[in-house]
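I set out to record a few local features of this two-chain model. The entries follow the order in which I looked them up.

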Amino acid sequence: MNDFIFAAAFYGLAGMTILSAAGVVFLKDIVHSALMLALSFIGVAGLYVLLNADFLAAVQILVYGGAVAILIAFGVMLTRRRNMKESNPNNRWVIYASFVSAAFFAICGWALMGTDFKPVGQQVNPEAAVEGLASLLLGDYVVAFESAAVLLLVALVGAIILAKGAKEA
Amino acid sequence: MTIGLTHFLLLGTALFCLGLYGLLSKRNAIAILMGIELMLNAVNINLIAFNKYVAAGSYTGQVFSVFVIVVAAAEVAVGLALVLAIYKDRLSTNVDDLDWLKW
């Protein structure tokens, strides 16, 4: 029964994620694409919950479902198009693009089906994900953690300067 | 049928390929950024699925996806600022118009 609930949740969330991702790339109106992108991020957050990554699910909803979706919506609104109905056109290489994506999916899927992934290391019952993440982030990965903080600060300042111009900002 | 690692990896591959299609086939720079975001999400799904099914008990995969999220947030902020700066200059977000370096 538990397996059945897990499978039902997986297929529901996976269908929602894939369908809204398909909406992002196939819809003609870019505003609809932006909304579909937010829906797809929420579906991915649900999948993180299924994978015992509850902290990352919260981060996904906050950062992607909130910040990135809003940023992209603002980007769409600030770069106004005359005709919104046809605001997300394909370029002239769309046939090659679909061929490359389909071939990549086929090759990766074939490789995945043929591989037997064996668990490594000792399989202990995980503690709460936040505690394990915190001790890794502030222990083994503290230098990378601090660099990521600096990267975010630099990206923030850089984005303001790029968007406003160095004189005004 | 139980859901295993392969299901999550196939889902990640499908999401990655949709993002790749958007990245390669779109004319609007913002639509291209959306494709990149989809691809980064697919990578995160893969990392976390491997963390659960292959290396249970460690959190290295989740730590890596935290860094992927950080870099993706920085990337989308700078990318959209670039798009806005180009739009102010050219009144266009069509990447086919951005050919100043071509001669």
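Entry 1, backbone. I located Asn52(A) in the loop between helix H2 (30-50) and H3 of chain A; helices are DSSP runs of H or I with at least four residues, numbered from the N terminus. I noted that phi of Asn52(A) is near 65°, a positive value in a residue other than glycine. Asn52(A) has a relative accessible area of 43% and is therefore partly exposed (buried is under 20%, exposed over 50%, partly exposed in between, with a 1.4 Å probe and protein chains only). I found another positive phi, about 55°, at Leu91(B), which is not a glycine either. Leu91(B) sits in the segment after H3 of chain B and counts as exposed because its relative accessibility is 62%.

The model is predicted, with local features needing pLDDT of at least 70 and side-chain atom pairs pLDDT 80 or more, while totals for chains, interfaces and linings use all residues. Residues are numbered from 1 along each chain as its sequence is written, chains are lettered from A and ligands numbered from 1 in the order written, and side-chain values use heavy atoms, without hydrogens and water.

I read a volume of about 510 Å³ for the largest pocket. Of its 24 lining residues, Leu71(A), Leu152(A), Leu156(A), Ala73(B) and Ala77(B) are the closest to its centre. A pocket here is an open set of points on a 1 Å grid over the protein atoms alone, where a 1.4 Å probe fits, with protein on both sides within 12 Å along at least five of seven lines; lining residues have an atom within 4 Å of a point. The volume is the space filled by probe spheres set on the points, which are joined across faces, edges and corners.

I checked which helices supply at least two lining residues each: H3 (54-78) and H6 (142-164) of chain A, and H3 (60-90) of chain B. The largest pocket lies between domain 1 (1-101) and domain 2 (127-169) of chain A, because both give residues to its lining; the domain bounds come from an automatic or database assignment.

I placed Glu75(B) in helix H3 of chain B, partly exposed at 24% relative accessibility. Beyond its neighbours within four places in sequence, Glu75(B) is in contact (heavy atoms within 4.5 Å) with Leu33(B), Ile36(B), Glu37(B) and Leu40(B).
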